[in-house]
Amino acid sequence: MKKKSTDFMGKAILLSLILIILNLIGGFAHLQFETWFKWLPSIIILIAIIIFCIQYGKQETDGMTFGKAFGYGFKISLVVSILIAIYGLISILFIFPEFTDQALQQARASLEAKGNLTEDQIDQGMNMTKKFMQPIPVTIFAFLGTLFFCTIASLLGAAFTKQSEPEPEIFKDNP
């Protein structure tokens, strides 16, 4: 009898909620610009999707291939990316509207810290940065960035998932 596979949508929503809560904590605690905090969501995504793919592989008795495991992880990736992009738009517009100004200040400070740029070059860089710090471009980049990283996690998860042959017909329940 084939075991019922886990629901990718539930896992995607759970992972998205964890990432949203983490972002809220970081925003209210003013940690969002700390280097270690910037990497924390990526580490969580990587570990979670790998675990989800491995669990899926253990539950699937109808043969597990790299493609099946990757497909499962990619479905999770797509839903997580969409939900995080929507949250990112809501966050920038309503929850943390000051984030854009803070990010621009951080960008200016990092450009000035280089020491090898003129004030004119810094201003040009800041003008370009301002164009990309609008809500729609940030939402698009959040979607694409999350999808890219989640896809890499899905590839790793599929690679770590044990491959198996389909269960022989003789052992399947025939109603």
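Helices (H or I, at least four residues) and strands (E, at least two) were taken as DSSP runs and numbered from the N terminus. The model is predicted, so that local features require pLDDT of at least 70 and side-chain atom pairs count only at pLDDT 80 or more, whereas totals for chains, interfaces and linings use all residues. Residues are numbered from 1 along each chain as its sequence is written, and side-chain values rest on heavy atoms, with hydrogens and water left out.

Helix α1 comprises the 21 residues 8-28. The expected span of a helix is 1.5 Å times one less than its number of residues; for α1 this gives 30 Å, in agreement with the 30 Å that separates its end C-alpha atoms. At the start of α1, a side-chain oxygen of D7 comes to within 3.3 Å of the backbone nitrogen of M9, a polar contact being a pair of N or O atoms within 3.5 Å, of which, within protein, one must be able to donate a hydrogen and the other to accept it, with residues adjacent in sequence counted only if both atoms are side-chain atoms. Burial was assigned from relative accessible area (buried under 20%, exposed over 50%, partly exposed in between; 1.4 Å probe, protein chains only). The buried residues of α1 are K11, A12, L15, S16, L19, I20, L22, G26 and G27. They pack against α2 (35-59) and α3 (66-95), where contact denotes heavy atoms within 4.5 Å.

Just after α1, H30 adopts a positive phi of about 60°, although H30 is a residue other than glycine. H30 is placed in the loop between α1 and α2 and, at 57% relative accessibility, counts as exposed.

Helix α6 contains both T146 and C150. T146 counts as buried at 12% relative accessibility; leaving aside neighbours within four places in sequence, T146 is in contact with I45, V80, S81 and I84. C150 is likewise buried, with a relative accessible area of 0%. With residues up to four places away in sequence not counted, C150 touches I45, I49, S77 and V80. C150 and F74, 76 residues apart in sequence, lie 7.4 Å apart in space, C-alpha to C-alpha.

A search of the whole structure for disulfides (pairs of cysteine sulfur atoms within 2.5 Å) returned zero. C53 is in no disulfide, and the nearest cysteine sulfur, that of C150, is 11 Å away. For C150, the closest cysteine sulfur is that of C53, at a distance too far for a bond. C53 is buried, with a relative accessible area of 0%.

Open space was examined on a 1 Å grid over the protein atoms alone, a pocket being an open set of points with protein on both sides within 12 Å along at least five of seven lines, where a 1.4 Å probe fits, and lining residues having an atom within 4 Å of a point. Grid points are joined across faces, edges and corners, and a volume is the space filled by probe spheres set on the points. The largest pocket has a volume of about 1,200 Å³. Of its 33 lining residues, N23, K38, P41, F99 and A142 are the closest to its centre. The helices α1, α2, α3, α4 (99-114), α5 (119-132) and α6 (135-160) each contribute at least two residues to the lining of this pocket.

S91, in helix α3, is buried at 7% relative accessibility. Residues up to four places away in sequence being excluded, S91 touches N23, F96 and P97.
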